[in-house]
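Colleague: Hi! Could you walk me through this one? I'm still learning how to read these.

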Amino acid sequence: MNASARPTLVRASFFVLLIFLGAAMLLSACIRETRSARQAGGQAPNPPASTTTTQPQSPGATSPGSPPAGKTPTRTTPAVLPRLPGHYLPLWPFATGQQVRTWEASYRSGGHQPWHLSAQQTALSFTQGYLGYTEVNRVVRSTVGTVDARVTVGYPIPEGSRLATAAVIHLVRFGSGRHAPWEVVGTDDTTLSLTIPAYGAHVSTRMTVGGRITGVDEFIRVQVRQLSSASPVGVAPGVPAGGQNQPWSTTVSTHGPRGVLTIAAATGGHLAAVERFAITGVLR
């Protein structure tokens with residue numbers, strides 16, 4: 001190419017570049033106007049493929065499982081029911097911790113059955129009302145602590161001023177706190193004992209009952225009680241006994257539902273129908 005033709009070629013290339021730049025600017029302006037027109041017409045651009053859309057909720061609406069607006073979820077802890085200490089069985093008057101809780105609520109609201117807070121009255125009510133030993137109607141003495149108590153119950157000797165001892169009843173608090181009621185759990189045996197079956201043993205409907213006795217011309221009667229029944233669930237014929245710390249035994253059949261049983265052995269007939277008694281608790 002000669003030197004005179006080069007300027008002409010440069011000018012032509014420059015004009016072509018200007019035309020290309022102008023066309024690009026015009027195309028860009030057209031694209032911007034098209035997008036603005038779409039948005040003005042209410043058409044929103046499609047969301048990116050990675051975006052998740054959600055439906056708006058009406059005011060006050062909550063998702064499933066969420067607490068109501070403005071409220072903080074609370075956790076409720078189940079109330080612990082009253083329990084007996086140690087290995088003791090609930091013989092009388094309460095069978096379960098739920099019964100204790102129900103009485104405590106009624107006492108706080110209306111003062112119902114306040115005798116549950118007295119170890120002495122509970123021991124007498126157990127002896128006369130539950131076992132049916134109505135002649136044993138006096139508290140001879142008592143030792144009451146914060147958790148357990150020993151109440152000696154007895155009867156007046158005819159034509160005398162002193163009281164005879166029938167049994168020493170052992171009671172414990174059913175639960176804790178100043179409103180925890182007293183529960184009979186057994187007796188402290190002396191001259192009349194009830195050792196068979198052992199305390200807390202599992203028994204069948206027919207069982208052997210026995211222990212030891214010191215006395216003359218005794219006659220031991222055995223009854224089996226259960227809180228769910230107003231009458232005995234088992235009674236054994238009277239068995240003669242006597243001597244110095246001599247063994248005695250008999251058999252008794254029981255009926256009724258499974259649960260805690262109170263076995264009571266009593267002797268008397270000299271000064272009163274019931275002069276001594278002993279109890280134990282078992283499970284059937």
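Colleague: What lies over the face of Tyr130?

Modeller: That is Arg225, at 5.9 Å from the ring centre. Keep in mind that this is a predicted model.

Colleague: Okay! Which cluster is Tyr130 linked into by ring pairs?

Modeller: Ring pairs link Tyr130 into a cluster with Trp92, Trp115 and Phe126. A search of the whole structure finds seven aromatic pairs. One of them is Trp92 with Trp115, which is stacked, with 5.8 Å centre to centre and 25 degrees between the planes.

Colleague: Where in the chain do Trp92 and Trp115 sit?

Modeller: Trp92 is in the loop between α1 and α2, and Trp115 is in the loop between α2 and α3. They are 23 residues apart, so this pair links distant parts of the chain.

Colleague: Is Trp115 buried or partly exposed?

Modeller: Trp115 is partly exposed, because its relative accessible area is 22%. Trp92 counts as buried because its value is 11%, and the cut-off for buried is under 20%.

Colleague: And how is Trp92 paired with Phe126?

Modeller: That pair is tilted, with 5.9 Å centre to centre and 50 degrees between the planes. Phe126 is in helix α3, 34 residues apart from Trp92. Both Trp92 and Phe126 are buried.

Colleague: Let's look at α3, then. Which of its residues are buried?

Modeller: The buried residues are Ala119, Thr122, Ala123, Leu124, Phe126, Thr127 and Tyr130.

Colleague: How far apart are the end C-alpha atoms of α3?

Modeller: They are 15 Å apart. The helix has twelve residues, so at 1.5 Å a residue it should span 16 Å, and the two values agree.

Colleague: What does α3 lie across?

Modeller: It lies across β1, β2, β3 and β4, running at about 55 degrees to β2.

Colleague: New topic, the sheet! In what order do the four strands come?

Modeller: The order is β1-β2-β3-β4, in an open sheet with antiparallel pairing. β1 and β4 stand at the edges with a single partner strand each, so one side of each has no neighbour in the sheet. On average, neighbouring strands are turned by 30 degrees against each other, direction ignored.

Colleague: How many bridges join β1 to β2?

Modeller: Six bridges join them, and Arg138 has Gly154 in β2 as its bridge partner. These two strands form a hairpin with three residues between them.

Colleague: And how many bridges are there between β3 and β4?

Modeller: Five, again in the antiparallel sense. There, His170 has Gly186 in β4 as its bridge partner.

Methods. Residues numbered from 1 in each chain as written. Predicted model: local features only at pLDDT ≥ 70, side-chain atom pairs only at ≥ 80, totals over all residues. Heavy atoms only, no water. Expected span 1.5 Å × (residues − 1). Buried < 20%, exposed > 50% of the residue type's maximum accessible area, 1.4 Å probe, protein only. Pairing = 2+ DSSP bridges. Axes fitted to C-alpha atoms, helices over the stretch in contact; angles between N-to-C directions. Contact = heavy atoms within 4.5 Å. Phe/Tyr/Trp six-rings, centres within 6.5 Å; stacked < 30°, edge-to-face > 60°. Lys NZ or Arg CZ within 6 Å of the ring centre and 35° of its normal.
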